[in-house]
Amino acid sequence: MLVRDVADAFPTDDRRFAHRVLRAWLHVLRDRLTVEASAHFAAQLPELVRGMYYDGWNPSRVPEKFDAEECAGRLIREANIARKDVPAATAAVVSALRRHLSEGMLEKVLAQLPPDVQALLRPLS
């Protein structure tokens, strides 16, 4: 499952932590995308993760316009992580998602974001 893969990639044995990180990353992405792009991306997610993705979503308020700094702030708050952990957290999520999504899907959805937000959500490997 994705949560286990995020935990392995971080690395940590704390599944609650991995869940928070995955959920925070997904919510930041979801809130920055259009409704159509968000629904298309969510359709690729495993069923349980799709529920996590949509939890608390208000499609009438998207896409929200925020830059990389606000994006990082959202990740920090929702995942309850330190600023220094943002690159490792995003790398862990991206690594895990690449195992579960069809090839190119992640790149396609991230390409819809401004370059600074893309760089934060998809750190260089």
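Asparagine 80 sits in the loop between helix 5 and helix 6, where helices (H or I, at least four residues) are DSSP runs, numbered from the N terminus. The model is a predicted one, in which local features need pLDDT of at least 70 and side-chain atom pairs count only at pLDDT 80 or more, while totals for chains, interfaces and linings use all residues. Residues are numbered from 1 along each chain as its sequence is written, and side-chain values use heavy atoms, with hydrogens and water left out.

The backbone of asparagine 80 deserves a look, as its phi is near 60 degrees, a positive value in a residue other than glycine. Most residues other than glycine have a negative phi, and most peptide bonds are trans. Asparagine 80 counts as exposed because its relative accessibility is 57%; here buried means under 20% relative accessible area, exposed means over 50%, and partly exposed is in between (1.4 Å probe, protein chains only).

Cis peptide bonds come next. One of them joins phenylalanine 10 and proline 11, with omega at about -10 degrees. Proline 11 belongs to the loop between helix 1 and helix 2. Another cis bond runs from valine 62 to proline 63, and its omega is near 0 degrees. Proline 63 is placed in the loop between helix 4 (47–54) and helix 5.

The loop between helix 5 (68–79) and helix 6 (86–100) also holds lysine 84. With a relative accessibility of 67%, lysine 84 counts as exposed. Its neighbour in a salt bridge is aspartate 85, with 3.3 Å from N to O; a salt bridge is a side-chain nitrogen of Lys or Arg within 4 Å of a carboxyl oxygen of Asp or Glu. Aspartate 85 is partly exposed, at a relative accessible area of 22%. The two side chains of lysine 84 and aspartate 85 also make a polar contact at 3.3 Å. A polar contact is a pair of N or O atoms within 3.5 Å; within protein, one must be able to donate a hydrogen and the other to accept it, and residues adjacent in sequence count only if both atoms are side-chain atoms.

Side chains of opposite charge can pair when their charged atoms come close. Across the whole structure, a search finds nine salt bridges. In one of these, glutamate 70 pairs with arginine 74, and the closest N and O atoms are 3.2 Å apart. Glutamate 70 and arginine 74 are four residues apart in helix 5, so about one helical turn separates them. Glutamate 70 is partly exposed, with a relative accessible area of 31%, whereas arginine 74 is buried at 19%. Glutamate 70 also forms a salt bridge with arginine 77, again with the closest N and O atoms 3.2 Å apart. Arginine 77 is exposed, at a relative accessible area of 54%. A network of salt bridges links Arg30, Asp31, Glu64, Glu70, Arg74 and Arg77.

Arginine 32 tells another story about charge. This residue is in helix 2 (residues 15–32). Arginine 32 is buried yet has no salt bridge, and the nearest side chain of opposite charge, aspartate 116, is 6.3 Å away; Lys and Arg count as positive and Asp and Glu as negative, while His and the chain ends are not counted. The side chain of arginine 32 does reach the backbone oxygen of glutamate 64, at 3.4 Å. Leaving aside residues up to four places away in sequence, arginine 32 touches Pro63, Glu64, Lys65, Phe66, Leu113 and Pro114, where contact means heavy atoms within 4.5 Å.

Helix 2 also takes part in helix packing. Helix 1 (residues 2–9) packs against helix 2 at an angle of about 105 degrees, with the axes 8 Å apart; axes are lines fitted to C-alpha atoms, for helices over the stretch in contact, and angles run from 0 to 180 degrees between N-to-C directions. Helix 1 and helix 2 are therefore roughly perpendicular to each other, a label for angles of 65 to 115 degrees, whereas those under 35 count as roughly parallel, those over 145 as roughly antiparallel and the rest as oblique. Leu2, Val3, Arg4, Val6, Ala7 and Asp8 of helix 1 make the contact with Arg15, Ala18, His19, Val21 and Leu22 of helix 2.

Helix 2 and helix 6 pack at about 85 degrees, with their axes 10 Å apart. This pair is therefore roughly perpendicular too. Val21, Leu22 and Trp25 of helix 2 meet Ala89, Thr90, Val93, Val94 and Leu97 of helix 6 in this contact.

How values were computed. Helix = DSSP H or I, 4+ residues; strand = E, 2+ residues; numbered from the N terminus.
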